[in-house]
Every structure is written in C-alpha cells, then in structure tokens.
Amino acid sequence: MSDFDYDLFVIGGGSGGVRAARIAATHGARVAIAEEYRYGGTCVIRGCVPKKLLVYASRYSEEFEDAAGFGWTVGPRSFDWTRLIEAKDREIARLEGIYRRNLERTGVELFDSRAVLEGPHTVRLLADDRRISARYILIATGATPNVDPDLPGGEHVITSNEAFHLPELPKRVVVAGGGYIAVEFAGIFNGLGVETTLIYRGDQILRGFDGDMRRALQEEMEKKGIRVLTGDVFTSIEKGADGTLTGRTRKGETLVADQMLFAIGRRPNIAGLGLETAGVEVTPGGAIRVDAASQTSVPSIYAVGDVTDRANLTPVAIREGHAFADSVFGKRAWTVDHSLIATAVFSQPELGTVGLTQEEALQRTPNLDIFRTSFRPMKHTLSGRDEKMHMKLIVDADSDRVLGVHVLGPDAGELAQVLGITLEMGATKADFDRTIAVHPTAAEELVTMREPSERLRG
C-alpha cells in the first residue's frame, strides 16, 4: 500500500498538464488533476484556438472583395458578432468535453477546484478544503495577462481574456502591445470592420522576430488600415458617461475608443499557489525555476509550460509534459530541446518562422548568406490587392547549413511546420537547391532562390 493518495497530482488542466496526466496514467500511475476554471487551459479556452476562429472570421471581408477580380458578384452582406461568439463558444465547449473524456478514459481523477501547495507532497483543494498527498506534484498553471496597476484608469481596459466574450463588437478599438497577441487582435478587429489603432512602446512590433519580417508586417498592416503608433505608451485612460474611453499618451496623442485591449505580455500564473510554503524557488522574473528535466528546487515537485517561462508555446508545454511523464513514470528519460522551435503569428498577413533570425545568427557566426524574395502572390494578380509575400533564408556561409527560414504571407504557418522538419534534419542550402519546385505555388520560391541578396563576412 502506497503512503500517498496518488502517484501524481497535477495542478492545472491546460495542454501541458493534461498531456502529463494522461501519459503518466498510461504508464500505470495513479493520477489526479485539478483545474479551477475549464479544462483545456488558455490555448483551448481563451487563447490560440478561439483566436484562430476569430482570425478566420475576420479574413472574409477581404475574400469578398477579392472575389470580384475572379468574376464573382457578391451581393449585400453583413456581419453578426453575436452569432460568431455563440458559434465559437459551442466549439470551445465541445473541445473541453473532449479534454475531460480523454482524461477520464485513461483513469485520471478530475477535481474542479483550485489547488494550492501545502508541502513537498501535499496539495489542498479549496473547493472543499480537502488535503491530498502525492508522491509527485506537477505545476502546469500557465500564464496570465499582464496589466499596468499604476496606469490611471487602467481598470477600464480589457485583456485577451475578456476580448473573446465582448457583448458587442466595438466600432473603435485601441490595442496596446506589440507582441503576437496584440498584432493578431489588431488584425481581427480591423478585418471585422473596426477602426483599429495599435500602440506599442518599442520602436517596431514583434520584438524577437526577424527584423525584415517585422518591418514588412507593419507595412502590410498599415496598408490594411491599421494605425500603428510605436515608441509610445498610455499615461492615462478616462471613461466618459457614455462609456467612451479616452486615452492620453506620453507623446501627446489622444486616442478615443469603445474598447482598449491591453496585450502587453503575460506573466507566470503563480500568485497564491503556495510555492513559498513548499519551498519552490522562483526566478527574478517570477517564473518557477526548473532544470532541463522540469524539476523544481523541491525534488518531488515539477513544473511545465508557461509557468516556467522557457518557450511559451502550447506545443512546447505539451512536449514538456510528455517528457516529464515518460521520464518519471515510464522509465524512459528524455528532455525537450528548446533550441529550434517552429512557430506562427496569425497576423494578417500571416508570419511563419523557424530557426534563427538574422540578428541571432550574427551572434553565432560572422559569415552569412542572406536570401530574400518579395513578390505579389498569384491570387492578387487578379484580385488587385496591394499585398506582398516575403521570404527569407539565413544560411551559414561556412557550412552551407540553413539557420533560419522566415515567411510572411498566406499559409505561412503551414509552411513553418514543414520547414521545421528540414531544419531539424540539418538541411543545407544545397538541399533546398536540389529540391524540385512545385509550380505554381508561392512555396517554390524557397527552392529557387539561387544568388544571395546579401553576403555578410566577418
């Protein structure tokens, strides 16, 4: 008979926690999981999945316009925000049901409660004040949107959490932030006909992405009618009697909107979790400190996903959870390689990227060959839309290895997934050159760029 109620107790029912719980259970462990909100976590419930559905909806405005160039006559049309949100909610409820059923099928016991640490092997369920013991505890509570508590009038803004549940579509919106969440929501609102402004404290949107892609995306966003203000921040926000919000900025701008969405980053969701009680160390940035195996400073407690602030992406959390379960319960130890991760920004146009940016590559090698191409996608030769697609290859000039690939344009995210495989395998520029093009496609440009646009040496 075990000295513990469970072999594993997971705090957090998001993608990483659910994967860890299921895999551990298939290895024969007695597993329980606690979630205080809804199973599926940020990504499924109020993150990447509902966001992508809204992105699809927002693209139809341009599709209707483009159809005319192909001989279609599109009659009167209108958009119903309420119907979209209701459809989105039905799909999210369906997905949450799948998450619950998959856990139950593998024998995981579910608790709909907030759980906090009370020691290296003990958690307390706040719903009924019950204490549960476990040989191992996994923290997978994700991250939560940042807010500016010192901003006068900051209580009037919303975050991405609330944006998915607005009772009506605003006529004017200001999005604060320059990361992928801010950029994606700016595209969503603009595509749905909302007068949209993006304000960002940095000099260019999407910090951390390749410089050429950042510049090109901002240009395309502005062509679509999004007003982009950089190097500026709010100093105050006031709410009028009619609900209108008026924001004033450091540079003297006055921005008036019906909603102001703050997407100024996310922080690990550790508040009130009992980390101090259990002795779990955190980093200066407020993340749970873990080693390569996701083990915290307390040997019996592990953590995966955004709460560790390593690579804050859902597929990474899933992989970390899987690695933890295999290593601890499956007698097959392995760790996640965070060095090469393909990712996508569902901006409009879309950005797909894998590997190093040019700025990062220059920190590793002084000799680079840069291949760039920019062209109008074939579709727009008839639609007449003024939008360009951009592609970029970053190649180590000494080894010929492709260090990074960046694509801005339709289906860039889909391309990034496949390109990720080639870079994981160590593809060289010669490998790309030997590949026969698929014609006519935009992707063929990736294998037909022969001469570098730029040679960087020393």
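Tutor: Arg-372 has a relative accessible area of 31% and is therefore partly exposed, a class that lies between buried (under 20%) and exposed (over 50%), as found with a 1.4 Å probe and protein chains only. This is a predicted model, in which local features need pLDDT of at least 70 and side-chain atom pairs count only at pLDDT 80 or more, whereas totals for chains, interfaces and linings use all residues. Residues are numbered from 1 along each chain as its sequence is written, and side-chain values use heavy atoms, with hydrogens and water left out.

The side chain of Arg-372 meets that of Asp-212 in a salt bridge, with 2.6 Å from N to O. This pair links distant parts of the chain, as Asp-212 belongs to helix 7 and Arg-372 to strand 19 (residues 368-375), 160 residues apart. The term salt bridge requires a side-chain nitrogen of Lys or Arg within 4 Å of a carboxyl oxygen of Asp or Glu, and by this rule the count comes to 39 salt bridges. Helices (H or I, at least four residues) and strands (E, at least two) are DSSP runs, numbered from the N terminus.

A second pair is Glu-238 and Arg-248, whose closest N and O atoms are 3.6 Å apart in their salt bridge. Here too the pair is said to link distant parts of the chain, although the partners are 10 residues apart, with Glu-238 in strand 11 (residues 234-239) and Arg-248 in strand 12 (residues 245-249). Glu-238 is partly exposed because its relative accessible area is 46%, and Arg-248, at 34%, also counts as partly exposed.

Glu-96 counts as buried because its relative accessibility is 10%, whereas Arg-100, at 24%, counts as partly exposed.

Salt bridges can also join into a network, as happens for Glu-62, Glu-63, Glu-65, Asp-66, Lys-224, Lys-379, Arg-385 and Glu-387.

Arg-201 lies in the loop between strand 9 (195-200) and helix 7 (211-223), and it is exposed because its relative accessible area is 60%. Leaving out residues up to four places away in sequence, Arg-201 touches Gly-231, Asp-232 and Val-233, where contact means heavy atoms within 4.5 Å. The C-alpha atoms of Arg-201 and Gly-231 are separated by 4.4 Å, although the two residues are 30 residues apart along the chain.

Thr-353, in contrast, belongs to strand 18 (residues 351-355) and is buried, because its relative accessible area is 9%. Its side chain is joined to that of His-406 by a polar contact of 2.6 Å, that is, a pair of N or O atoms within 3.5 Å, one able to donate a hydrogen and the other to accept it, where residues adjacent in sequence count only if both atoms are side-chain atoms. Besides His-406, Thr-353 touches Phe-209, Ile-341, Ala-342, Thr-343, Val-405 and Ala-416, again not counting residues up to four places away in sequence.
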